[in-house]
Amino acid sequence: MELQLKHKKVFISGSTSGIGFAMAQGFLDEGAEVVINGRSGDRLRAAISKLKQSVSTASVSGIVADFNDPKAIDQIKQQLDRVDILVNNVGIFASKSFEETSDSDWLEMFRVNVMSAVKLSRYFLPKMLDKNWGRILFVSSECAQLVPEDLIAYSATKAALLTLSRGLAQTTKGTKVTVNSLIPGSTLTEGAVKFLSDRARLENKTEKEVAMEFFKQTRTTSLLQRFAQPKEIADMALFLASPLSAATNGAAIKVDGGSVPGIL
Ligand SMILES: NC(=O)c1ccc[n+]([C@@H]2O[C@H](COP(=O)([O-])OP(=O)(O)OC[C@H]3O[C@@H](n4cnc5c(N)ncnc54)[C@H](OP(=O)(O)O)[C@@H]3O)[C@@H](O)[C@H]2O)c1
């Protein structure tokens, strides 16, 4: 399928690794021009060089901006005037009980996960509407609906993104701009790999055994019963970002391996 993404300009928040990085790779494979983001110049340069190695024609650059810093949006504004596709991907979490989750934990997760998306959308959406074409994608999580007990604050940020996404979609009525959310499930990013290898070492098990236990004991509702690969999430993002997805607007698309029960 030709996704018609050639020369589209894409910004992906939090994309030096994990799902955002896989999306960057996918967009570059399709001939898009990609701007990635992370908190440090070193990590950004390493990610850009990896992307250039895997896609020889890659048109990729990076912007250092830490979304925990309210000034991050100004750093983006200084370096990026417009994009065709905005992916609000950055997301952090802290696995803690509700009692242990401090005000500053709550505020940091809302600043990084929600306010980054609010500010980026407020900057880029009017330009997309002026041009009468654009795509905004929000990266939510299965946690918005499963709400694990140790991830209540994170889950609340991911639910907020779904509301924000639907609300912004409603402002695009009658235009060629769409706004949608992706709902990934447990995905084998660097963080998940570290979780598996730490737990395996601690419990004297193989990583495969730990992963199987995770789905038997923790993510019991998963139909996939394995971690998704970042590329499996990225592929859905590419379609939603493509002109081919014009009839999908205001939607929340699950890529959760079936972990959120229910028919919708
Ligand atoms: N992985 C999963 O199982 C899973 C499941 C459902 C939903 N999600 C969601 O998918 C999205 C991507 O998750 P992921 O697991 O791929 O993430 P990840 O592997 O933890 O990647 C984090 C990325 O975000 C950047 N980052 C972290 N804090 C930042 C900040 N304050 N400002 C700017 N960049 C920052 C990191 O860059 P530097 O380190 O270079 O600064 C890195 O590029 C998140 O929204 C997450 O909630 C993930």
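View 1. Look for valine 147 in the loop that runs between helix H5 (143-146) and helix H6 (152-170); helices (H or I, at least four residues) and strands (E, at least two) are DSSP runs, numbered from the N terminus. Together with Phe98 and Ile152, Val147 makes a nonpolar surface patch of about 240 Å². Patch members have over 30% relative accessible area and no salt bridge; nonpolar side chains (Val, Leu, Ile, Met, Phe, Trp, Tyr) are joined within 5 Å, and like charges within 9 Å. Accessible areas come from the Shrake-Rupley method with a 1.4 Å probe, and for residues only the protein chains shown count as cover.

A word on the model behind these views: it is predicted, so local features need pLDDT of at least 70 and side-chain atom pairs count only at pLDDT 80 or more, while totals for chains, interfaces and linings use all residues. Residues are numbered from 1 along each chain as its sequence is written, and side-chain values use heavy atoms, with hydrogens and water left out.

**View 2. The nonpolar core.** The largest nonpolar core has 35 residues, and Met23, Phe27, Val34, Ile36 and Val87 touch the most other members. Elements giving two or more residues to this core include strand E1 (9-12), helix H1 (18-29), strand E2 (33-38) and helix H9 (230-241). Helix H1 gives the most, with seven residues. Such a core is a set of buried Ala, Val, Leu, Ile, Met, Phe, Trp, Tyr and Cys residues joined through side-chain atoms within 4.5 Å. In soluble globular proteins, nonpolar side chains tend to be buried together.

View 3. The structure holds seven aromatic pairs: rings of Phe, Tyr and Trp (its six-membered ring) pair if their centres lie within 6.5 Å, with planes under 30 degrees apart counting as stacked, over 60 as edge-to-face and the rest as tilted. Phenylalanine 195 and phenylalanine 214 are edge-to-face, because their ring centres are 6.0 Å apart and their planes stand at 75 degrees. This pair links distant parts of the chain, from helix H7 (residues 190-203) to helix H8 (residues 207-218), 19 residues apart. Phenylalanine 214 also pairs edge-to-face with phenylalanine 215, at 5.1 Å between centres and 85 degrees between planes. Phe195, Phe214, Phe215 and Phe227 form one aromatic cluster.

**View 4. Lysines over rings.** The charged end of lysine 8 sits over the ring of tryptophan 133, 4.1 Å from its centre. Lysine 50 places its charged end over the ring of phenylalanine 21, 4.9 Å from the centre. For this contact, NZ of Lys or CZ of Arg is within 6 Å of the ring centre and within 35 degrees of the ring normal.

**View 5. Salt bridges.** The count comes to 15 salt bridges, each a side-chain nitrogen of Lys or Arg within 4 Å of a carboxyl oxygen of Asp or Glu. Aspartate 84 bridges to lysine 131, with the closest N and O atoms 2.7 Å apart. Aspartate 84 is in the loop between helix H3 (72-79) and E4, and lysine 131 is in helix H4 (residues 103-131), so the pair ties together parts 47 residues apart in sequence. Aspartate 84 is buried, at 3%. Lysine 205 meets glutamate 203 at 3.0 Å, N to O, and salt bridges with shared partners join Arg199, Glu203, Lys205 and Glu213 into one network.

Note on methods
Buried means under 20% relative accessible area, exposed over 50%, partly exposed in between (1.4 Å probe, protein chains only).
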